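Subject: Structure handover

Hi,

Here is the structure we talked about. Please open it next to this email and follow along.

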Amino acid sequence: MSLMFTGIGVSRGVAIGDAHLVRRNQVDVSARKLTKRAIPGEIKRLRQAIKSARKELLATLGAIPKDTGGDIAAFIETHILMLDDSLLTKKPIETIKNEQCNAEAALQQQREELSKVFASMDDNYISTRIDDVNHVIDAVLRALNENNETFGGEHWKGQIVIADDLTPADTVVMRNHGVAGFITETGGQLSHTAILARSLGIPAIVGVHNIREYIKSGETITLNGESGLILAEATTEMLDSFRQQQKAHKQQLRELSKINDMQSVTRDGVRLQLNVNIEIDDDIKAMKRVHADGVGLYRTEFLYLDQSAVPTEQQHFKAYTKVLRALKGAPLTLRTADLGADKLFSSVLANARHKKNSNPALGMRGIRLCLNDTSIFIPQLRAILRASSRGPVRILLPMLTSTSEIVQSLSLIESVKDDLRSEGSEFDEDIPVGGMIEVPAAAIAADQFAAHLDFLSIGTNDLIQYTLAIDRIDDQVDYLYDPLHPAVLQLINHVIAAGRTANIPVAMCGEMAGDPRYVRLLLGLGLTNFSMPPNSLLEVKRCLIDSRRVRLRKLAQSMLQATSWEEQQSLLTRINSN
Ligand code: PEP
Ligand code: MG
């Protein structure tokens, strides 16, 4: 029977593949058919898990206080002995070989067989000993799950991963394994996991509550990352329709690639800057494919993603010069590490000073964390400045809330410059320093901020989160995320005006700048510098180069005055029609 689910489509594209359920705290024991080549690896995985389970039990045994009664130690010793029993170890290995299945399924099969045997025993005491078997099997399954931290393997290729939640790091791993798409039970459209999925072109849907209760690993899943529609075990007709959608999406991309070489100028001659946001190496290729004018936002915190330690100055430097080489003289805006909230990675957490707290979006993040711990900030600033001798680089400070943070950051940059000068290292003496406007306080005080900075960049993802008091990673309040909320539009308008008065450039690098529904409105408000995920650039370019700013200006002003949702929608329709 076909089942239909809906969620929040966060990354466009249609994917069809077998479901792969991920349960972090609960091991997925459903059977997966493995290729013959994968069998030795799977057996090795099981042997390693048995070894780890034994190690864990031995550690528990060693930790039992000497004066504890003998029974407890004997109990654990029995479990250790059971791990050597061929019924628990050799038999599942045979199952893996004979049935070409995964270790978890082989262990589960053995659990079920042993349960039947124990249940049929007359002796009550012996029949309850199945509990020991279960404990030991669970220990091995847990170890398998931990060793699975690599987050998948070759068998994930072409599959659709379904999990409770996924981190940005998981998204990168999934891309490396060629996952066709993913679905999560929680998460919002502005989570960094969703942003990365868009940038990597992985079709994805979030906020599908309890979907793992209805779907088994191995079932065929079809998802449309735009509409948020998911089908399990779709009929042939349904699959045909999804394949048509898949084809149409690819055709649309081919059509768009034709405007690659066209100039980014509106019909009435307004020159636009269409930049990209980049996070990881892959984005560099995507950036070249769409002929971006430059990088408007490099989320450098992603350099901390899969590191066991915070990156060194040299690692930063290497990453930045690599992008500069690819940019061939086009500008690179390097945002200093915006760590914290959903980007507090293990390398930073390993430092006892940085703890996850109950309200991370309002806690130690972005510039606060960097100023609080200059051992993170200074190596990055040194690397950015050194890289500025290799090409046009701009510094962008994240999460500013007060001018004192700007003053402190500028003074730190000056002292790093002094050090580099005395070492004889080259850097751009006039490197521009800009600030992210992503907190309402910063937007309201944009005039004061502009007095200290060389440019401003509006981060609507956080600006909307903080203005409307909605957690950007909470799917339950995702419906309240509204870029057209009058308060948001007033703030954006105010920041653009502040930049104009101070005669400094204002860009936008939040997801709103890459959303074809809103870019003409933004142009009407006076924005000409847009930075977005590479995959959005051509569609945005199409919308903007087909427009006339003179016409949009008046409509955008009316939008600021609109008093109802209906009025806004009718204005938006006019703005987006030619
Ligand atoms: C933003 O907040 O709009 C932004 C671009 O920064 P991030 O999404 O990385 O928080
Ligand atoms: Mg932000």
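Predicted model: local features only at pLDDT ≥ 70, side-chain atom pairs only at ≥ 80, totals over all residues.

**Ligand 1**

Start with the neighbours. Ligand 1 is surrounded by 17 residues. The closest are Arg-299, Arg-335, Gly-459, Asn-461 and Arg-472.

Which class leads in this shell? The shell around ligand 1 holds 8 charged residues, 5 polar ones and 4 nonpolar ones.

Arg-335 places a polar side-chain atom 2.8 Å from an oxygen atom of ligand 1. For Glu-438, a polar side-chain atom is 2.9 Å from an oxygen atom of the ligand. For Asp-462, the distance from a polar side-chain atom to a ligand oxygen atom is 3.0 Å.

How much of ligand 1 does the protein bury? Taken alone, the ligand exposes 290 Å², and the protein buries 100% of that.

Now the elements. Helix H8 (192–200), strand E10 (295–299) and helix H18 (460–468) are the ones that give two or more residues to the shell around ligand 1. H18 gives the largest share, with 3 residues.

**Cavities**

How many cavities of 30 Å³ or more are there? A search of the whole structure finds 4. The largest cavity has a volume of about 80 Å³. Its lining is made of 15 residues. Closest to the centre of that cavity are Arg-299, Arg-335, Glu-438, Asn-461 and Asp-462.

What takes up this space? The largest cavity is the space taken by ligand 1.

E10 and H18 each supply at least two residues of the cavity lining. The largest share, 3 residues, is from H18. By class, the lining has 7 charged, 5 polar and 3 nonpolar residues.

**The second largest pocket**

H9 provides the largest share of the pocket lining, 6 residues.

The classes in this lining are 19 nonpolar, 14 polar and 10 charged residues.

**In brief**

- H18 gives the largest share of the shell around ligand 1 and of the lining of the largest cavity.
- For the second largest pocket, the largest share of the lining comes from H9.

Best wishes

Note on methods. Residues numbered from 1 in each chain as written. Chains lettered and ligands numbered in written order. Heavy atoms only, no water. Near = heavy atom within 4 Å. Polar contact = N/O pair within 3.5 Å; in protein donor to acceptor, adjacent residues only side chain to side chain. Areas by Shrake-Rupley, 256 points an atom, 1.4 Å probe, with all protein chains shown as cover. 1 Å grid on protein atoms, 1.4 Å probe; cavity = no way out; pocket = protein on both sides within 12 Å on 5 of 7 lines; lining within 4 Å. Sits in = over half its atoms within 2 Å of the grid points. Helix = DSSP H or I, 4+ residues; strand = E, 2+ residues; numbered from the N terminus. Nonpolar A, V, L, I, M, F, W, Y, C, P; charged D, E, K, R; others polar. Points joined across faces, edges and corners; volume = space filled by probe spheres on them.
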